[in-house]
Amino acid sequence: MSEGGFVRGLAIAVAGSMLLLFALRNLPWHLDDYDQAKQAFTSYEMIERGSWWFQHTPSERIATKPPLAGWISAGLFALTGSWDLAWRLPAFLSSLVIASLLWRAGNVVSGGLLGGTICAGAFGLNLFAPRLATLVRTDMMLTLWIFLCGYLIWERLRDERPWTMDKRLVLAACMLASMLTKGPIAYAFLVPGMVAFMFLERRSGRWRAAWSGWWTWLLPLVLFLVWAGVGIATNREFYEQVVLREFLGRFTVGERAVHNNQNVLFYLAHVLHKWLPWSVLLVAALWRKGVRDRLRRDPAMLWLVCWTIGGLIFMSLIPSKRYDRIFPVIPPLCLLLVSTIAALPQMRFGRYELRHFAAGAFAFALIFSGGYSAFKVVSAFRDDHGALARFGNKASALVGEDRGRAAVVNGRDEGLVMYFGLPRFTPLDRATDLWRAGDLDWLVISERQLAKKAGELGPYERQLEVPKLPETSSGYVLLRNQHPLSRPAN
């Protein structure tokens, strides 16, 4: 096979593998872990209850995330009529946009298709991206906005083009979008790198090409603070949950720690491990003297180093950590990887041609990420992680038009109210009173709660049930009221 045919075949194989992993990794789809139900409920509440600016969790606490992801999901539901697609398409499409930009940038940097394949493949074939690509969370969308901001700066430095008004507006819009997705965390990933870059390039004056102007960074923050200020002024719980707990709580330590604290090397260890084999490849390339010499001469490459290391260090200094929060450093690391490879003498690793080395790296990555993903999907089906979602859908179909005389009792499995199709949970005591008065015909309740209230409910019939499973906190049952005041069953 010719070199061109080999590279084209490799590119097709990588693209197909990424699409399959992104689409299949989180099957069977459900909302029972990683706080997916909380994120899903924001758009669900918008449609069901008209709460467009400030939302709640399924348990009626104030939502701690801004509304952009919810707006997008609500719009997708209006187009598709499917909540599963509406909740998961934003992350999936964001991952495809990032991969496409990396593919294009890799081709430009390396001067060929192989560089783009490595750049995009390093983004998609690891333990990070397949998991986040259809997870009902904001991490992938946030990564897109942050990457677009850093990518615009990289383009200006690489092409030595001045900032135009349209590019400044795009950067400001992406910064605003990032804050309306997950608050001002974008500054943690971008500002430390920008400060470091300006310091390192202060004598050459090349830092000016990276600087888009104060207003592009401050205007989005002002607009976000207006939204947050309205929330604080109108709802005391917003201040307590969003400002004190969600934001300031990230910096608490010791016995006062609000969130789960980890040591300072937590993110570095996860990047090195979950980004295999690309993390090892990048370290090996940066070890070469020729690459380091290129780094000192090339402001675009230096920006990539400052961007990734600055964000990694700043996030590592925040006591509260969870591995998926560091994901926004992965796309610039992919771009840095292909930039270092392009700086290698004749683009070779020792006596190995790059295309042969790339084939080996992709084989390892596919076995590593693909094998792990396959194991997790098979395990999820074996352990029946989708059982609660099926139970809720079956219960909803069984109740049918009687939904107005049905209730789901508050529980730890917050996705259940959306599976069943009701706008809110009902507290246990309130549900018990309505049931005894004959105002409810159907009740979804956990086995634990039923054991507590069985003596107070009066006669009922068990219509449908699901046992306790690894992904659920309890078994659940659908009850049909046999009280004389309730409606007779159809």
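Which residues of strand 4 are buried on one side, and which on the other? W442, V444 and S446 are buried on one side of strand 4, and L443 and I445 are buried on the other. The model is a predicted one, in which local features need pLDDT of at least 70, side-chain atom pairs count only at pLDDT 80 or more, and totals for chains, interfaces and linings use all residues. Residues are numbered from 1 along each chain as its sequence is written, and side-chain values use heavy atoms, with hydrogens and water left out.

- Helices (H or I, at least four residues) and strands (E, at least two) are DSSP runs, numbered from the N terminus.
- An open sheet is formed by 4 strands in the order 3-4-6-5, with mixed pairing; two strands pair if DSSP finds at least two bridges between them.
- Strand 3 (406-408) and strand 5 (460-466) are the edge strands, each of which pairs on one side only.
- Direction ignored, neighbouring strands of the sheet are turned by 20° against each other on average.
- Strand 4 (residues 442-446) and strand 6 (residues 476-481) run antiparallel and are joined by 5 bridges.
- Within that pairing, V444 has L478 of strand 6 as its bridge partner, and S446 has Y476 of strand 6.
- The pairing of strand 3 with strand 4 is parallel, over 3 bridges, and W442 in strand 4 is the bridge partner of A406.
- Because 5 of the 5 residues of strand 4 are buried, strand 4 is largely enclosed by the rest of the structure; buried means under 20% relative accessible area, exposed over 50%, and partly exposed in between (1.4 Å probe, protein chains only).
- In a regular strand the side chains alternate between the two faces of the sheet.

- Axes are lines fitted to C-alpha atoms, for helices over the stretch in contact, and angles run from 0 to 180 degrees between N-to-C directions.

**Helix pairs**

- Two packed helices are described by the angle between their axes and the distance between the axes.
- Helix 14 (residues 289-297) packs against helix 15 (residues 299-317) at an angle of about 100°, with the axes 6 Å apart.
- Helix 14 is therefore roughly perpendicular to helix 15; angles under 35 degrees count as roughly parallel, over 145 as roughly antiparallel, 65 to 115 as roughly perpendicular and the rest as oblique.
- On the helix 14 side V291, R294, L295 and R297 meet P299, M301, L302 and V305 of helix 15, where contact means heavy atoms within 4.5 Å.
- This contact of helix 14 with helix 15 has 6 nonpolar, no polar and 2 charged residues; Ala, Val, Leu, Ile, Met, Phe, Trp, Tyr, Cys and Pro count as nonpolar, Asp, Glu, Lys and Arg as charged, and the others, Gly among them, as polar.
- Helix 10 (residues 214-234) and helix 11 (residues 236-247) pack at an angle of about 125°, their axes being 5 Å apart, and are therefore oblique to each other.
- W227, A228, G231, I232 and T234 of helix 10 make the contact with R236, F238, Y239 and V243 of helix 11.

**Nonpolar cores**

- The largest nonpolar core has 104 residues, of which F123, W278 and I330 touch the most other members; such a core is a set of buried Ala, Val, Leu, Ile, Met, Phe, Trp, Tyr and Cys residues joined through side-chain atoms within 4.5 Å.
- Helix 7 (residues 139-159) gives the most to this core, with 14 residues.
- A second, separate core of 31 residues includes A40, F391, A406 and L422.

**Two individual residues**

- S178 lies in helix 8 (residues 165-182) and, at 0% relative accessibility, counts as buried.
- Not counting residues up to four places away in sequence, S178 touches L142, W145, G183 and A186.
- R161 is in the loop between helix 7 and helix 8 and counts as partly exposed at 37% relative accessibility.
- Leaving aside neighbours within four places in sequence, R161 is in contact with E155 and R156.
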